[in-house]
Amino acid sequence: MRGPESGNAGRLSAELPSPVPPHPLDARITADRARKYRQVLARRTVRLAVVIEDSYDPHNATAIIRTCDACGVHRVVVTTARNGFKVNDKVSQGVHRYMDLRVLPDIDAAAALLKPQGYRFFVTDLAAGATVGPQALQPALDAGPVALVFGNEGHGISDRARALADGFFLLPMSGFSQSLNLSVSVAMTLQALRGPAVAADQPGDLPAAEQIATYDRWIRAYCGEDVGGPVAKPAQDRFGTAVEEFRA
Ligand SMILES: C[S@@+](CC[C@H](N)C(=O)[O-])C[C@H]1O[C@@H](n2cnc3c(N)ncnc32)[C@H](O)[C@@H]1O
């Protein structure tokens with residue numbers, strides 16, 4: 001598996017404690033890569049998950065994936081009832097292979113996965129008049145895991161997502177447009193909720209066992225082993241550019 005090659009080494013300059021012990025395959029990768037894997041995992045959060053319902057635009061999907069990685073969000077669930085989730089692998093720099101990406105048929109499947117783990121669904125509903133900025137979600141996050149649900153570019157969220165909501169939120173806007181671009185709204189929300197922790201280079205909250213299991217998965221995949229997980233099919237965006245399409 002190809003991986004992000006260079007990039008954020010400077011931003012991982014602090015040495016956070018890692019629960020990941022030496023691995024039998026460590027000798028097969030560079031010390032720099034081994035350190036980066038451990039340090040990225042030490043900063044990941046699972047307290048906040050992102051759910052994307054049926055996005056059709058590969059530019060948005062790719063930007064969302066990069067934003068989640070940059071903000072340390074480990075769990076990303078995409079539903080594909082209406083559209084495959086298409087990522088431009090070159091632009092994403094392969095980071096979608098370095099997160100807990102789940103590709104599910106619909107929002108009910110996302111709820112069936114996440115709600116038993118304690119996640120409450122906070123849904124972006126532009127119609128509900130929920131003028132609650134993302135910062136207002138902080139008390140909910142302090143109380144337990146939160147999944148942020150974002151909708152499709154054309155239709156917004158589904159009625160079913162609305163029905164499954166434990167709460168709603170909205171990025172307040174003061175201009176003429178009715179809505180923000182999907183990937184921009186994900187970025188603004190994560191920046192509001194995760195920005196301070198990322199800027200302060202704080203440790204994340206990925207449990208030690210999951211850091212160890214994820215490290216094992218990443219290093220085995222990098223060394224060419226089949227570790228399962230979502231399989232993408234080659235596809236094209238509307239300009240004919242090669243993308244990877246995930247579909248449940
Ligand atoms: C382009 S918008 C969808 C617009 C759609 N016509 C509607 O009325 O919902 C795509 C997605 O971006 C997110 N989004 C857009 N503007 C937002 C805002 N102001 N606050 C929170 N999320 C927003 C929502 O998840 C939304 O479902």
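**Threonine 67 and beyond**

Modeller: Start with threonine 67, which lies in helix H2, residues 58-70. Keep in mind that this is a predicted model.

Biologist: Is threonine 67 buried or exposed?
Modeller: Threonine 67 counts as buried because it has 22 C-beta neighbours inside 10 Å. The cut-off for buried is 20 or more.

Biologist: Which residues does threonine 67 touch, leaving out those up to four places away in sequence?
Modeller: Ser183, Val186, Ala187 and Leu190. Take alanine 187: it is 120 residues from threonine 67 along the chain, yet their C-alpha atoms are separated by 6.0 Å.

Biologist: New topic. How many residues are in the largest nonpolar core?
Modeller: That core has 60 residues. Val51 and Val149 have the most contacts inside it.

Biologist: What does valine 149 touch?
Modeller: Not counting residues up to four places away in sequence, its contacts include Val51, Phe121, Phe122 and Ile157. Glu53 and Thr124 are also among them.

Biologist: And the ligand: how many residues surround it?
Modeller: 14, and the closest are Thr124, Phe150, Gly151, Gly156 and Leu171. So Thr124 turns up again, as a contact of valine 149.

Biologist: How does that shell divide into nonpolar, polar and charged?
Modeller: Eight are nonpolar, five polar and one charged.

Biologist: Now helix H1. How far does it reach?
Modeller: H1 covers residues 31-43 and reaches 19 Å from its first C-alpha to its last, close to the 18 Å expected.

Biologist: Which of its residues are buried?
Modeller: Ala34, Lys36, Tyr37, Gln39, Val40, Leu41, Ala42 and Arg43. Helix H8, 208-222, is part of what covers the buried residues of H1.

Methods: Residues numbered from 1 in each chain as written. Predicted model: local features only at pLDDT ≥ 70, side-chain atom pairs only at ≥ 80, totals over all residues. Near = placed C-beta within 6 Å. Helix = DSSP H or I, 4+ residues; strand = E, 2+ residues; numbered from the N terminus. Expected span 1.5 Å × (residues − 1). Buried ≥ 20, exposed ≤ 12 C-beta atoms within 10 Å, placed from the backbone. Contact = placed C-beta atoms within 7 Å. Core = buried A, V, L, I, M, F, W, Y, C linked by C-beta atoms within 7 Å.
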